[in-house]
Amino acid sequence: MPGAVGTGPDKQYYGGPLQLIRIDDNGKCHVQENAAAILNQMQGRLAVVGIAGLYRTGKSFLLNRLLGLQEGFEIGPSVNPCTKGLWIWGQPVQLSNDFHCILIDTEGLGSTQRTASCDMQIFSLCILLSSYFIYNSMGAIDEQAIDDLHLVANLAKHVHVKAKSGVSEEKASELSSYFPGFLWVLRDFHLQLKDERGKTLTETEYLENALRAQPGQDDKNKLRDVIKDLFRDRDCQTIVRPVEEEADLRHIQRLPYESLRPKFRTQVEAFVKKVYTSLKPKKIDGQVLSGSMFAALCQEYCKAINNSAVPTIQSAWTSCMQHQLRLCLKDAVQTYRSQMNEKAMQHLPMDEEKLHETHKAAKQEARNVFLAPKFDSSDPKFREYNLELTKKIKQLYDHCKDENKANSQRQCERIAKELYSRDIENKLNVKGSYRSFEQLMGDWDAVRKTYLLKTMGPAQVEILTTWMFSRMTESVQRLWDELKSSLEERSTTLQKRLAETDAKSSAAHNSLEQERSKKSENMEEAKRQWLSERTELERQLEDAKRGGEEVSMRASREKAQLLDSERTLREQLKILQERLQSSKHTGQRSAHMESAANVSSELHSLKDQMMAVMSEVRGVDNEKKQLELKAEHEKQLIGLERKFQRQLMEARRKNEGLIENLRQTYEDEVEGLRQQRTEILSKSQDLEREIEQLRGQGEIMKQRVVASDNEHALQKRYIDSAQRQTELVVAFLERVPGRGGPELSGVHEELNALSVGRSSAPQSRHGGGGGPSQSTWY
């Protein structure tokens, strides 16, 4: 048995026949849930091919050929009907991407197991539900065949276009616009298609000739006229007997299709082609039906039949349309909700522009779902449900905006507090972290950039201009107080250092002056002492020179005398030696012994005199040497004096250079302190100017905030005024006769929605406390 056949990730069809409408023994019609579930899956346009005819005439075989199957709908060899009620094939035939076709097989007419009323129900339902109706009969179109279509004559009694208060027949011309295309299939046709004159006819011409009025057949002619009036679009298809043997005919479903007569196969293929080329979507009042609308239409027709009422096309269509509009509204709202949940609510907070774009895309997709059946836009019910869709989408969008604002408020406050605490407050708590407003403003600029990168949503600018601006003003004031205190402390320290430096400089200057005065006095004293010692040394030197000259002159004289004495002595000694020598030569040794002793004594005395003279000379030399040593000593003293004078002059120059260096250093330090004081005063003035600028900017921001609040209040007053005007207009229209109704109730609902949205806006504007909220709709 055929099983379930899937055609997509969200569609599940059934590859076999499914009963669409079951008719019980009491004549009650019941739409089967399995078939309705299959129909509800079909999106887009839908063509419906229905077939009817006497039982055991091979209707199911034709539908199987339309499916391209040899075995599909049940075909049996007995006289009992194989099909009960109305059946469809569980797998629709896809004609294009958004165009499907379903095939309806009906229970055979004229069965002994069904009443004429049941046949009328089956025939009426098949025609009402089909967009292309196939009537299957055996043989040629003759009087019997016309009689077999007697049910058509009663259609005007059993089917109405509009609901009526009394029982009356509907004109065939009024029903024709709602009736499907008509194809009369003539089975086992063996005649030649020629007229009385032997001219070859087409199948359509043969049908028109058969429906032409015949003289003397008023009842038949009336039936012919009804068929022509109800089925304006009609055609005919002839098909010969499929096999020659009667036994094969009873089991035709078991025979291979290729074993059937070639002419039969050719005509069947022509039938299939004619059906598919003639298919049009099922429409009512110009509205194309989808699968779900078709299922609802089945329910409405069955409900009317079960209530023993005449099926009314427009009433059933109105109920079907309302049902479809409700489904479309529900699907559209669900589509919008799921799209916003997936693309917005799960990603809050987000930029208002992006949220609006997401809303527009979701709204467009929801409207596409709502408009998919392509309802008549001028229909009041369509406008009513369209307004309801707009209202629900607006409510959901307002809820999404409120959630977005609340989430944005929480996120922006959290990130702003984290960034302020981490990058600003921690540094402000450590004294000296900021040395200038440029550093603070640099950190605030980095915080602002990071804040703008990490946050989004409607509260982003609000938190930036309120909370963060107030913290920035507070931080600037804290830094100003800190810098002011630091500058005051530094100024006090510098003044103290300046006073200490002045005191040290004054003390150094006094000490230097005292040292200089003391050294000057010492130098003057040393100079006086030196001059005194120099004068004394010069006097002593002069005395020494004079004494030396006198000693030298005296020594020279004494030396000359001694030299004369020495020469005289030497001459006397020489004379004595000569006398001694001469005495030795005369031999008068003894005589002259006495004289030699005298001479020796004289010699000894001379020698003593010489030694004395020599000692004297040596003494003079020693005295001369002492004088020379003294003179040398005087010279050394003079050299030491000059060296001392040079050292004294060098020390004086060094002292003067040191004093000059100390004076220059003191003046440089004083000048540096003056420059630092000037720079401090300049920085203080710059800081005061920056603070004034920041205060000015703060005042401008406050003015902008006040202007924004004023503009918001103005807009609120404008909205209140517009709402009051609208309420006055509505009240006026309610008093006007013939006005009011659903349209004004819709306006009231819109006004209530605006009031609720406006009253909840301030709460969401100042909200943001608490933990995270659910951002998903259920």
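Me: In which helix is Ala 366 found?

Reply: Ala 366 is found in helix H14, residues 352-371; helices are DSSP runs of H or I with at least four residues, numbered from the N terminus. This is a predicted model, in which local features need pLDDT of at least 70, side-chain atom pairs count only at pLDDT 80 or more, and totals for chains, interfaces and linings use all residues. Residues are numbered from 1 along each chain as its sequence is written, and side-chain values use heavy atoms, with hydrogens and water left out.

Me: Why is Ala 366 called buried?

Reply: Buried means under 20% relative accessible area, exposed over 50%, and partly exposed in between, with a 1.4 Å probe and protein chains only. Ala 366 has a relative accessible area of 0%, and is therefore buried.

Me: Which residues does Ala 366 touch, leaving out those up to four places away in sequence?

Reply: They are Ala 332, Thr 335, Tyr 336 and Ile 393, where contact means heavy atoms within 4.5 Å.

Me: What makes a set of residues a nonpolar core?

Reply: Its members are buried Ala, Val, Leu, Ile, Met, Phe, Trp, Tyr and Cys residues joined through side-chain atoms within 4.5 Å. The largest such core has 94 residues, of which Ile 21, Phe 123, Trp 184 and Phe 294 touch the most other members.

Me: Why is this core said to lie between domain 1 and domain 2?

Reply: Domain 1 (17-161 + 176-309) and domain 2 (323-410) both give residues to the core, so it lies between them. The domain bounds come from an automatic or database domain assignment.

Definitions and conventions. Helix = DSSP H or I, 4+ residues; strand = E, 2+ residues; numbered from the N terminus.
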